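Please look through the model shown below before reading on. The numbered points that follow are meant for someone new to it.

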Amino acid sequence: MVETMTLDREFWERRWTEVLDEHGDTVARMPPNAHLTAEVGDLPAGRALDAGCGHGAETIWLAARGWTVTALDFSPAVLEHARATAEEALGAEIAGRIDFIEGDLTTWAPEPGYFDLVVCLYVHSAGAVHELIQRMASGVIPGGTLFLVGHRPIDPDTGAETPAAGQVQVSVDEARAALGSEQWDIAVAEDRRRPAAKSGVDAVICARRREGAS
């Protein structure tokens with residue numbers, strides 16, 4: 001039996017501080033998520049929320065393409081690192097499109113119907129996953145896009161534990177159930193095996209909020 005991991009605010013602040021102290025330069029060079037760049041790269045720029053932005057690679061990628069980005073995380077250490085990385089990579093003017101804010105996704109909710117794109121990648125849920133999905137979805141404007149990725153703790157093909165065993169993250173089934181079919185058109189909802197052998201499986205969901213949806 002796999003025990004659920006407790007990955008709270010204190011854990012992540014301690015973990016990010018250790019990682020950035022030892023490998024800060026490497027983290028700063030990490031590329032944006034390949035699922036994100038493949039699925040939303042053609043969207044017109046607007047207002048984006050990167051919920052659980054971590055080291056900021058996706059935030060920086062979006063800002064470089066003209067998006068105005070709200071980048072939220074609950075680790076002060078990683079937010080400061082992401083802010084510095086953005087200024088170095090983009091310059092002060094473009095980095096000025098990013099608003100880095102501290103917040104806990106256990107309870108934090110976006111302004112309703114405000115963002116053209118809400119991104120939530122590999123967030124470890126301390127509560128019910130469907131509730132997290134619904135809160136993030138509430139921030140998307142009609143016609144906007146919700147993009148979710150989660151590590152799968154169990155390989156759906158083999159039933160074997162993955163490197164994410166014990167973690168609670170977004171799944172395809174929970175995303176479909178949380179969003180429903182009346183307000184959302186789901187363009188992508190699938191489990192994708194990571195390229196490196198034994199590196200796990202990602203649940204990838206890309207959904208568009210229907211025009212006129214309330």
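1. Which residue takes a positive phi just after helix 3? G66 does, with a phi of about 100 degrees. Helices (H or I, at least four residues) and strands (E, at least two) are DSSP runs, numbered from the N terminus.

2. On the basis of these notes: this is a predicted model, in which local features need pLDDT of at least 70 and side-chain atom pairs count only at pLDDT 80 or more, while totals for chains, interfaces and linings use all residues. Residues are numbered from 1 along each chain as its sequence is written, and side-chain values use heavy atoms, with hydrogens and water left out.

3. Seven strands make up an open sheet with mixed pairing, in the order 3-2-1-4-5-7-6. Two strands count as paired if DSSP finds at least two bridges between them. At the edges stand strand 3 (98-102) and strand 6, each with a single partner strand, so one side of each has no neighbour in the sheet. On average, neighbouring strands are turned by 10 degrees against each other, direction ignored. Axes here are lines fitted to C-alpha atoms, for helices over the stretch in contact, and angles run from 0 to 180 degrees between N-to-C directions.

4. Strand 7. This strand (residues 201-209) has eight of its nine residues buried, so the rest of the structure largely encloses it. Buried means under 20% relative accessible area, exposed means over 50%, and partly exposed lies in between (1.4 Å probe, protein chains only). Strand 7 pairs with strand 5 (residues 140-151) in the antiparallel sense over seven bridges, and V149 stands opposite V204 of strand 7. Its pairing with strand 6 (residues 184-193) is also antiparallel, over nine bridges. There, W184 stands opposite R209 in strand 7.

5. Strand 1. Four of the five residues of strand 1 are buried, so this strand too is largely enclosed by the rest of the structure. Strand 1 and strand 2 run parallel and are joined by five bridges. L49 stands opposite T70 in strand 2.

6. Helices on the sheet. Helix 3 (residues 57-64) lies across strand 1 (47-51), strand 2 (68-73), strand 3 and strand 4 (115-121), and runs at about 170 degrees to strand 2. Helix 4 (residues 76-90) packs on the sheet as well, touching strand 2 and strand 3, and its direction makes about 170 degrees with that of strand 3. Contact means heavy atoms within 4.5 Å. Seven of the eight residues of helix 3 are buried, so the rest of the structure largely encloses this helix. The buried residues include I60, W61 and L62.

7. Helix 6 and helix 7. Helix 6 (residues 129-138) packs against helix 7 (residues 172-179) at an angle of about 55 degrees, the axes being 9 Å apart. That makes the two helices oblique; angles under 35 degrees count as roughly parallel, over 145 as roughly antiparallel, 65 to 115 as roughly perpendicular and the rest as oblique. V129, H130, I133, Q134 and A137 of helix 6 meet E174, A175, A178 and L179 of helix 7. These contact residues divide into six nonpolar, two polar and one charged. Ala, Val, Leu, Ile, Met, Phe, Trp, Tyr, Cys and Pro count as nonpolar, Asp, Glu, Lys and Arg as charged, and the others, Gly among them, as polar.

8. R15. This residue lies in helix 1 (residues 9-28) and is partly exposed, with a relative accessible area of 41%. R15 and A77 are 62 residues apart in sequence, and their C-alpha atoms are 9.6 Å apart in space.
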